[in-house]
Amino acid sequence: MTWAQKQSGQLHSSPLRTSPSNLELRRHFLPEAVAVCQSVDGGNYDFVDDTPSPAAVDCLPRQSCARHNWEMNYQEAAIYLQEGENNDKFFTHPKDVKALAAYLFVHNHLFYLMELVTALLLLLLSLCEAPAVPMLRLGIYIHATLELLALGVVVFELAMKMRWLGFHTYIRHKRTMVKSCVLVLQFVEAIVVLVRQTSHVRITRALRCIFLVDCRYCGAVRRNLRQIFQSLPPFIDILLLLFFFMVIFAILGFYLFSPNKSDPYFNTLENSLMNLFVLLTTANFPDVMMPSYARSRWSCVFFIVYLSIELYFIMNLLLAVVFDTFNDIEKKKFRSLLLHKRSAIQHAYHLLVSKQVYGFVCASVCACVCVCVCVCVLRYMCRTSNVPCPCEEIASIATPSGISFKQFDGLMRFYRPRMSSRDRYLTFKALSQSHTLSVSLEDMYNFYEVVGLKWKAKKNREHWFDDLPRTAFLIFKGINMLVNSRAFQYTMYGIFSREVPWSYIVFLTIYGVEVLLKITGLGPIEYLSSGWNLFDFSVTLFAFLGLLELAFDKEPFYFIVVLRPLQLLRLFKLKKRYRNVLDTMFELLPRMASLGLTLLIFYYCFAIIGMEFFSGKLYPNCCNTSTVADAYRWVNHTVGNRTVVEEGYYYLNNFDNVLNSFVTLFELTVVNDWYIIMEGVTSETSHWSRLYFMIFYIVTMVVMTIIVAFILEAFVFRMNYTRKNRDSEGQLATVSFLYSEDTGIVLEREVSKEELTALAELYGRNGAASSVGELLKAVSQMDRHRQTSMLFLGRRSTTKSDLSRKMYEEEIQEWYEEHSRKEERRRLWQDDAPVLSQPARPPSLRQRSQTVI
């Protein structure tokens with residue numbers, strides 16, 4: 001039983017169904033019952049009787065309570081749908097009304113923003129804490145106090161989550177428990193720093209990034225981390241194989257090249273292993289080979305075989321294994337999210353059709369009994385059975401038929417509160433595939449695909465110049481065909497200014513004519529609706545301003561013209577193969593941003609550790625006992641009459657503050673001469689410091705391999721999708737979508753004037769003035785154009801989820817069947833569990849249960 005049902009004190013039941021064939025009969029025999037039904041059950045808008053009756057007046061308190069219960073059902077159904085969309089587990093669903101208040105407090109954008117600001121504040125404190133950036137240094141008392149205040153906000157956040165989840169669910173939530181443990185540790189350390197008034201070695205500051213990862217806005221980062229951890233088992237297997245061969249070659253190299261006293265790379269077993277590890281990155285090649293190669297030319301065979309096995313075979317094998325694992329993980333993730341959304345829709349659907357019949361029967365039982373007696377008397381007097389009994393009608397009404405618009409509207413008020421009333425109705429019509437006044441469960445399964453559509457009225461005219469005289473129409477039609485032709489695009493975007501100033505005016509004139517032709521042929525609205533056209537217009541406008549600057553003897557900024565070559569991308573878009581590449585690139589941009597943030601989080605952790613151990617270790621003329629001393633040498637001496645400064649700049653790659661640490665870690669990521677930094681730190685600290693740099697390289701190698709695997713998976717998926725659906729484009733899933741790679745997802749729905757008028761009257765009775773005004777505006781527009789109906793287009797961009805639904809269309813049905821069997825077994829187990837494990841209870845006591853699917 002859900003918290004909405006506990007609030008109402010009613011069990012699940014079947015929904016009401018309207019019977020159009022007997023509508024007038026019900027209005028005649030059941031006026032009170034019909035009126036009460038529409039006020040209680042949240043049902044169909046077709047039946048509204050505002051005339052009060054004694055039976056209805058007696059039931060007013062019950063109706064008010066029922067309306068409140070329906071509002072609770074709408075809200076809980078919206079929460080289920082949000083949990084399905086965000087992939088939140090259902091065991092975190094609020095269990096009662098008290099938990100609901102905490103849930104609503106936690107799940108709002110102000111709370112999300114507070115989480116994000118607090119996490120960023122804790123991370124930015126590393127700029128002010130020792131070792132600090134010189135210009136941002138703060139006193140210990142100030143930054144420790146700020147840290148305690150931020151941690152106090154985190155305590156408040158976790159307290160609200162515990163109030164929402166409950167203690168038992170809270171301790172089962174792994175990420176929240178990890179965050180709580182880190183919070184306690186950070187609190188203790190901050191208090192110690194504040195009491196002692198001095199900083200100590202605080203490696204645990206690296207754990208502050210957990211507060212950022214747990215933010216709602218960083219869900220993509222959590223998914224990336226989850227995929228990295230899921231890819232680790234096969235990655236570790238190949239990594240162990242790589243290290244096995246590395247150890248074998250290290251031992252062999254030590255015995256082969258250690259007799260050569262002039263070879264510093266293999267004089268010890270540790271140096272041999274370390275230099276072969278660096279050789280894996282090719283940062284020290286061919287330097288590591290030259291001492292032994294100078295002694296014997298045959299020594300090159302050792303390095304050739306090593307690099308062939310380690311670099312060109314095992315490293316590529318590593319990428320192949322990670323790519324295969326990543327591809328499988330992506331498919332499993334899509335399957336899991338698809339089934340999770342399906343379960344969420346089932347939960348929401350059953351909440352919206354759960355208790356209509358009980359509200360109806362409880363409110364109108366007296367009227368029904370009286371009318372039944374009258375019908376029986378009428379049948380006896382007329383000696384006929386053609387008059388249907390209202391009891392039979394009620395029994396037919398009690399059969400489930402789906403979600404009515406009033407229920408759907410109540411749901412959308414909580415799920416998408418900013419969606420207009422017109423868009424709600426269009427979304428409802430788009431879901432209703434049977435074109436009836438209700439949405440079935442099968443229709444509701446397309447909820448997430450339809451709810452994201454942006455609806456606009458379709459233009460009555462194809463072109464803006466359709467109503468012009470025939471001569472003008474033909475002229476503008478020719479211009480329209482010209483600007484849409486490929487020849488025009490190849491000509492215009494293949495020309496761009498190169499270097500000479502005199503060509504500036506010529507090419508600006510050409511581009512200005514292009515803009516005017518496009519505006520004339522396409523119309524201003526259609527022209528400005530394209531991002532590419534906006535880019536063209538902006539570049540041409542700035543170029544024209546540069547010409548004006550030149551005319552007034554000011555320094556021109558005609559360098560804007562160099563942006564014109566970027567328009568050559570449109571030529572690539574004309575070819576299908578290049579279009580697939582560009583589509584994949586644009587599809588990858590959001591995910592690449594999240595992967596970049598994931599890499600920055602790893603950078604932060606290693607930067608904190610590096611500052612704690614290596615701060616102040618690198619400076620000019622350090623590392624004199626190291627083989628890389630020349631890279632850190634800073635000396636000046638006199639040559640003739642002038643002073644010559646010999647400066648090795650590697651001392652700038654240090655860990656003296658967090659900003660320098662980030663730059664140094666990026667240089668280590670590039671791996672060009674990264675061993676110079678490692679050997680410099682090692683000579684000033686201990687040879688164990690090499691573990692820090694080796695672990696950092698392995699971690700970045702994992703992340704970079706995941707990035708490469710993600711790019712490969714996206715591109716291969718796009719190619720396979722195009723190859724598989726080359727002859728079957730146009731249909732997507734079970735909704736009648738019009739699909740194309742250029743326009744995305746498009747859906748058409750026609751709405752009549754009578755529908756909009758009835759909808760406006762309905763919202764008017766409910767006091768929704770803004771919705772009424774919007775609907776009447778559409779009605780007046782139809783009157784102005786003398787239309788009886790209006791066609792609306794719903795559009796949205798194509799997502800990878802849409803492509804995956806088409807790509808795995810055959811497998812999805814198997815997933816659904818398997819999921820249904822599991823749910824059936826789980827439901828049977830839940831039904832049998834109370835009987836087997838609990839003693840019998842009096843009928844007046846209800847057992848606590850979960851929502852039945």
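The questions and answers below go through this predicted model, from the whole chain to single residues.

Visitor: How many helices and how many strands does the protein have?

Guide: Helices and strands are counted as runs along the chain, numbered from the N terminus. Counted that way, the protein has 35 helices and 8 strands.

Visitor: What share of the residues is buried?

Guide: A residue is called buried when its relative accessible area is under 20%. The protein has 853 residues, and the buried share of them is 46%.

Visitor: Among contacts between residues at least 6 apart in sequence, what share joins residues at least 24 apart?

Guide: A contact here means heavy atoms within 4.5 Å. Of the contacts between residues at least 6 apart in sequence, the share that joins residues at least 24 apart is 73%.

Visitor: Which element gives the most residues to the lining of the largest cavity?

Guide: The structure holds 5 cavities of 30 Å³ or more, and the largest has about 80 Å³ of space. Its lining consists of Leu338, Lys341, Arg342, Ile345, Tyr445, Tyr448, Glu449, Arg805 and Tyr816. Two elements give two or more residues to this lining, helix H15 (300–352) and helix H21 (447–450). The one that gives the most, with 4 residues, is H15.

Visitor: How many residues of that lining are nonpolar, polar and charged?

Guide: Tyr counts as nonpolar in this scheme, while Lys, Arg and Glu count as charged. Sorted by class, the lining of the largest cavity has 4 charged residues, no polar ones and 5 nonpolar ones.

Visitor: Which residue in E8 is the bridge partner of Ala457?

Guide: Strand E3 (residues 454–457) pairs with strand E8 (residues 789–796) in the antiparallel sense, over 4 bridges. In E8, the partner of Ala457 is Phe792.

Visitor: Which residue in E8 stands opposite Leu747?

Guide: E8 is also joined to strand E7 (residues 744–752), by 8 bridges, and these two strands run antiparallel. Opposite Leu747, the residue in E8 is Gly794.

Visitor: Is Arg424 buried or exposed?

Guide: Arg424 is found in helix H19 (residues 421–431). Leaving aside residues up to four places away in sequence, Arg424 touches several others, among them Phe405, Asp409, Met412 and Tyr763. The relative accessibility of Arg424 is 8%, and the limit for the class is under 20%, so Arg424 counts as buried.

Visitor: Which residue does a cis peptide bond join to Ala130?

Guide: The omega angle of this bond is about -5 degrees.

Visitor: Where is Pro286 found?

Guide: The peptide bond from Phe285 to Pro286 is cis, with omega near 5 degrees. Pro286 is found in the loop between helix H13 (269–280) and helix H14 (290–295).

Visitor: Is Val671 buried or exposed?

Guide: Val671 is not a glycine, although it has a positive phi of about 65 degrees. Val671 lies in the loop between helix H29 (658–670) and helix H30 (674–684). With 16% relative accessibility, Val671 counts as buried.

Visitor: What does Gln197 count as at 42% relative accessibility?

Guide: Gln197 lies in the loop between helix H10 (174–196) and helix H11 (209–213). Gln197 has a positive phi of about 60 degrees and is not a glycine. Since buried means under 20% and exposed over 50%, a value of 42% makes Gln197 partly exposed.

Notes
Residues are numbered from 1 along each chain as its sequence is written. This is a predicted model: local features need pLDDT of at least 70, side-chain atom pairs count only at pLDDT 80 or more; totals for chains, interfaces and linings use all residues. Side-chain values use heavy atoms; hydrogens and water are left out. On a 1 Å grid over the protein atoms alone, a cavity is a set of points where a 1.4 Å probe fits but cannot get out, and a pocket is an open set with protein on both sides within 12 Å along at least five of seven lines; lining residues have an atom within 4 Å of a point. Grid points are joined across faces, edges and corners, and a volume is the space filled by probe spheres set on the points. Two strands pair if DSSP finds at least two bridges between them. Buried means under 20% relative accessible area, exposed over 50%, partly exposed in between (1.4 Å probe, protein chains only).
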